[in-house]
Amino acid sequence: MSLFGEIDDLDPAAPAGDQRASWAARELGFKRRMFMTGVLFVLTELALVGAPLWLLFDLGEVSPVVLARVAIPVLAAGATIWMVTVTAWLAPVLRALRAHRRGEALASEDARVAYRATLVVPLRLLVLRTALWALVALGIGAFLVRFGTWTPLQVVELSSMALLHAWVVSVARAVVLDTLLAGVRMHLFPDRSWIQRFGDGYGGRLSLVSVAVFGAALAAFSAFVHYFLPISAEQYMEVQIYFPPAALVGVLLWRQVARLSTRTLRGYLRSSLASSLRAAEDARHAARASTPADAAGDELERAPAPASVYRLAQSLPYRLCLASLGIWTLILTGGALVARFAIRIEQDDTVLMVGVGAVVAVGASIYESLWHRETMRLLLTHLTVHHRLPVRDLETSLSLRSKLLLSFGGLVLFACGLALFWGFAQYKNLVTDFVSRQAGLSLAWLRSEVNAAAARTGEPPTAGLVGTVIRSVDRRSIEANAIFYYRPQEPGAEVTAVGGGAMGAPVLPWYVDAQLRLPHDVNLDVDSMALSGRAGRLRVRWQGEAYDLGSVAVLYPDYRGRGESVVRPLKELWLFFLALFGACAGIVLLTVGQFVKPIRILEQRADGMARGDLAEPVSSGGEGDEIGRLTFALEEMRRALREKLRSTEEINLELDRAVQRRTADLAKKNRELAETLDKLTRAQDQLVRAEKMASIGQLVAGIAHEINNPVNAIVNTVGPLEEAAGTLMSADDEAARAEAADDLRDMIPVVKRGAERTKAIVRALHNYSRTDDETLIEFDLERSIDDSLELLRHLLKQHIQVDRDYAEVGRIRGHAGQLDQVFMNLLTNAAQAVGGRDGATIRIVTQAAHDRVIIRVVDNGAGIPADIRPRIFDPFFTTKEVGEGSGLGLSIVHRLIERHGGTVEVSSEVDVGTTFTVTLPRNPERALQAQPDPEAEVGPAPPRRRSRGS
């Protein structure tokens, strides 16, 4: 089970609806659980915070009146601050729960605040609760300094002790509260995806796990120092002063390392969330034409590669574990310096304390890495499900073998190290306790000897008597190893030292000499001289009166000064440690090898099967456990795949033969279709020519009438012209000759106009009836339109006004005959549409647009109804009577314009008119190679235009 309930209940492979239903069906009872949790942790704090403070600082000896005057206001103020702050921080969550139970919808801002509160409140309450306990202890200590006999150092020790113990309990409170709020998040906000939940809360979970593990390790370390190290209560209090600032610095350093290590991960999560939000926004605005996506696109372009994120996610727990070990190293190094030189703890005790701290740090790091791996599991699952990751690029430097060896090896080191240090501490404590008891007995014996000597002399005891008794100790075999130090009560008196063998008694350090002045018995540890014992006041009663004769210290060699008597037990302890560690390490190596070797074989065979090697069987030599059953399953899969592959190969061979047959049939059909298409193309070209010839035939009558008028004019003028010429040549009368000359001058222009009119009609007819080859030529577009108008003069009655609005588009490339037919058909339809209408008008407009030419034929005829407008370009579709039209005119127009890479469009309104818009490229070859842009903006018309009407 994970440390956080939300991670356990969130499975990305499970349907989101099932997850939401399971949470919705669960009755949270958030207030009830919060109350029960609060009561439980208050009792825990009384046991783990209040009781140690009461016992270690002897608060029971303080006057009850003074303690009540001090503690009650401070505790009431702290409780008030706690209740008000917790209520304010959890108010958004409680409002959201009430609204949810009533079925009311939450405002977006309220939902955001409530969701944010469920993420940040546990860590905030951890800091608040710890700080309140420290402030309460500081306030009580300050009042005891003011109204009692406490010193400022005791206040600092009390606050540090309260801070450390409260931190441990508050960490557990934060973990439980985070689990409760995880359920609230799932209950209130089921629509958020699990990757969004991971991105919102993974940082807090990593921090909370590290703080929880660090707090637990620090508590275990502190307990070991208190119960197993032979240090005084005053030294332990001074050690406690060092722990809180060291822990604060360690947490801040770890937080900075974590932020730097997760920078790439944060970038990936931001890009993933931006992508999901943009997808949701596009889904909500699907009806719109487009949505702005520049920012999201830039973010996605800058997103880290999934493979690099995967490698980071699987290595992140071990990076944070190494960071924690490094921070522990700094803390223990600083603590060793403080303990040795500031608190003056013995060197052996300092080494023992640092060693225990190192062992505890290793165990804490193992726990931390395991919990961090559980936190990263969701992200790794997301990456493998949503991205196709290259397997060979994901290989990590920590293999399964390395992970197992580190975990089990660290566990073995943790257990064996604790056993070693515990055994050494127990041995040292036993030796120290024995020396202390022996020194106490010697001190009691000395007091009795002084009393007996005073009784024998019959005189009051003096310092000289004490010196005589102490000097006699050196001759007693029972006290041969003892060193006695006697300081008389008189000021300025010298210290008398007896014992120490041939070297004599060493000089006492100043701090030991200061302890001799204490009014009560104390244990002495002189680390620099490898001595330990007891010191106390030498008080003697003689004849009912008490005499204070000064201080006496009795010192014996400690465990280091006992020669072979201490070397053998330490050697045995080290040999036991090495044997135990070696045996456990061997078991770990063999166990890890038995686990990893079959998995490696399965990995190799699975990789070979993925490459198509199905011949070699799958066999890892495993038993019938999970790995063995996986081996059997892979072997069955290999056999099934091999059988299916054989069947597939046979099917593929049959399919290849069938494909070859079908390919031959298709090639034959393609040749037939090509021949048919060629025939259809020739038939279509013939149909176009036939339609063109048919239109010429329909024009013959009108063209004959047009030619008949100028021809009649010429014929009727030829006779009078001949007579006038004869008169001019034969008449003698000047007047007659002058009249004949005037007649000639009048008749010659008539003949000239008739001939020119006939020539223009014949030329236009010749141009229209010409056939195009496959080559493109340059021709004058406006001249082609004018020729078509010339041929249609008989259709353009006197009442039809033709307006020509030319923009001098110049010459274009194309098939001139085909485009003549286009203009002829469009103008014929326009003339037929306006025929018989008053104010009939046909307007022809040309316009240049970049690399295109636009021609519009506009008429004010009856228009085209909307129901038949989509069919006007269909072949053989006509609205004329049978025999009056073939229905091919506009179809041919459409085909010829497409052949030139152009477009034709029609817009019409009934009883208003119709407009045909033809767009032609100036270079058809280039337009046919590139897709034309029909929506390109038409450029401005040239400034110089000319208009003609007829």
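Select Glu104, which is partly exposed with a relative accessible area of 45%; here buried means under 20% relative accessible area, exposed over 50%, and partly exposed in between (1.4 Å probe, protein chains only). The side chains of Glu104 and Arg102 meet in a salt bridge, 3.1 Å from N to O; the term denotes a side-chain nitrogen of Lys or Arg within 4 Å of a carboxyl oxygen of Asp or Glu. By this rule the count comes to 15 salt bridges.

This is a predicted model, in which local features need pLDDT of at least 70 and side-chain atom pairs count only at pLDDT 80 or more, while totals for chains, interfaces and linings use all residues. Residues are numbered from 1 along each chain as its sequence is written, and side-chain values use heavy atoms, with hydrogens and water left out.

**The whole chain**

Zoom out and colour by secondary structure: the chain has 22 helices and 13 strands. These are DSSP runs numbered from the N terminus, helices being H or I with at least four residues and strands E with at least two. Of the 950 residues of the chain, 41% count as buried. The chain exposes about 51,800 Å², and carbon and sulfur atoms supply 59% of that area; accessible areas come from the Shrake-Rupley method with a 1.4 Å probe, and for residues only the protein chains shown count as cover.

**Surface patches**

Next, select Lys31, Arg95, Arg98 and Arg101, which gather in a patch of positive charge on the surface. Patches are made of residues with over 30% relative accessible area and no salt bridge, like charges being joined within 9 Å and nonpolar side chains (Val, Leu, Ile, Met, Phe, Trp, Tyr) within 5 Å. Lys and Arg count as positive and Asp and Glu as negative, with His and the chain ends not counted. Helix H4 (residues 64–102) gives the most to this patch, with three residues. Lys31 is found in helix H3 (residues 30–56) and counts as exposed, at 55% relative accessibility.

Then select Phe35, Met36, Val39, Val42, Leu43 and Leu46, which make a nonpolar surface patch of about 600 Å². Leu46 lies in helix H3.

**Helix H14 and the strands**

Move to helix H14 (residues 463–471), where Leu465, Val466, Gly467, Val469 and Ile470 are buried. Show the surroundings of these buried residues: they pack against helix H13 (400–457) and strands E1 (483–487), E2 (496–498), E4 (531–542) and E5 (545–557).

Select Asp548 and Arg537, whose side chains meet in a salt bridge (3.0 Å, N to O). Asp548 lies in strand E5 and Arg537 in strand E4, so the pair ties together parts that are 11 residues apart in sequence. Asp548 counts as partly exposed at 33% relative accessibility, whereas Arg537 counts as buried at 10%.

**Last stop: helix H17**

Finally, select Glu643, which forms a salt bridge with Arg646, the closest N and O atoms being 3.6 Å apart. The two are three residues apart in helix H17 (residues 626–730) and are separated by about one helical turn. Glu643 is partly exposed, at 45% relative accessible area, as is Arg646, at 40%. Salt bridges that share partners also join Glu635, Glu636, Arg638 and Arg639 into one network.

Note on methods
Charge placed at Lys NZ, Arg CZ, Asp CG, Glu CD. Contact = heavy atoms within 4.5 Å.
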